[in-house]
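Please report on the metal site, the strand pairing and the salt bridges of the model shown here.

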Amino acid sequence: MQGCVFCRIVNREIPADVVYEDDHILAFRDINPVAPVHILLIPKKHIPTLFDLGEGDVQVLGQLHKAAVQVARDQGLEERGFRLVTNCLEGGGQVVPHVHYHLLAGRNLKWPPG
Ligand code: AMP
Ligand code: ZN
């Protein structure tokens, strides 16, 4: 979608530190990391929020979770673990309106988050 920063990353119109890519998913380092490992995973398809998921989008979320596990392995997190979170709309802290999941690791992450 024109004007969407994450679509622009998918289309290589703006640079990103890409760590994983397949036909449906892109993963790249967050520009403003809040943990030593902070990677964003997105469907390449523009879906604004989780509320916009259609029947045909169910599969891509499974693919995204598999990609997250692959990325976590690649980052050496299999023993220590990681957090995978998504924010939905303003109340959930979503700033970029293109569905994305944050993969966080590398420090002790508290629960519940602040
Ligand atoms: P959220 O608050 O869940 O919408 O998270 C959006 C995330 O995208 C934030 O952690 C930002 O630091 C990150 N972000 C925004 N623009 C870029 C970009 N061009 N490259 C990498 N990460 C970005
Ligand atoms: Zn988009």
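## Strands

Two strands pair if DSSP finds at least two bridges between them. Helices (H or I, at least four residues) and strands (E, at least two) are DSSP runs, numbered from the N terminus. On these terms, strand 1 (residues 18-21) and strand 2 are antiparallel partners, with three bridges. A hairpin of three residues leads from strand 1 to strand 2. Val 18 has Phe 28 of strand 2 as its bridge partner.

Strand 2 also pairs with strand 3. The two run antiparallel, and five bridges join them. Here Ala 27 stands opposite Leu 41 of strand 3. How many residues of strand 2 are buried? Buried means under 20% relative accessible area, exposed means over 50%, and partly exposed lies in between (1.4 Å probe, protein chains only). Four of the five residues of strand 2 (residues 25-29) are buried, so the strand is largely enclosed by the rest of the structure.

## Basis of the model

This is a predicted model: local features need pLDDT of at least 70, side-chain atom pairs count only at pLDDT 80 or more, and totals for chains, interfaces and linings use all residues. Residues are numbered from 1 along each chain as its sequence is written, chains are lettered from A and ligands numbered from 1 in the order in which they are written, and side-chain values use heavy atoms, with hydrogens and water left out.

## Zinc site

Which residues hold the zinc ion (ligand 2)? Its donors are Cys 4 (SG), Cys 7 (SG), His 46 (ND1) and His 98 (ND1), at 2.0 to 2.3 Å. Donors are N, O and S atoms within 2.8 Å of the metal (3.2 Å for Na, K and Ca); water is not among the atoms, so sites may look incomplete. The four donor atoms subtend angles of 106 to 117 degrees, which makes the arrangement tetrahedral. Four donors count as tetrahedral if all angles lie between 85 and 135 degrees; four count as square planar and six as octahedral if opposite donors are over 155 degrees apart and all others between 65 and 115; anything else is irregular.

The donor residues follow the spacing C-x2-C-x38-H-x51-H in sequence. Cys 4 sits in the segment before helix 1 (5-10), and His 46 in the loop between strand 3 (37-43) and helix 2 (58-74), so this pair ties together parts 42 residues apart in sequence. Cys 4 counts as buried, at 6% relative accessibility. His 46 counts as partly exposed, at 21%.

## Salt bridges

Side chains of opposite charge can pair when their charged atoms come close. A salt bridge is a side-chain nitrogen of Lys or Arg within 4 Å of a carboxyl oxygen of Asp or Glu. The whole structure has six salt bridges.

One of them joins Asp 17 to Arg 29, with the closest N and O atoms 3.5 Å apart. This pair links distant parts of the chain: Asp 17 is in the loop between helix 1 and strand 1, Arg 29 is in strand 2, and they are 12 residues apart. Asp 17 is partly exposed at 44%, and Arg 29 is partly exposed at 33%. Another salt bridge links Arg 12 and Glu 21, at 2.8 Å between the closest N and O atoms. Arg 12 is partly exposed at 45%, as is Glu 21 at 39%. Arg 73 and Glu 78 also meet in a salt bridge (3.2 Å, N to O). Arg 73 is partly exposed at 47%, whereas Glu 78 is exposed at 58%. Salt bridges with shared partners join Arg 12, Glu 21 and Lys 44 into one network.
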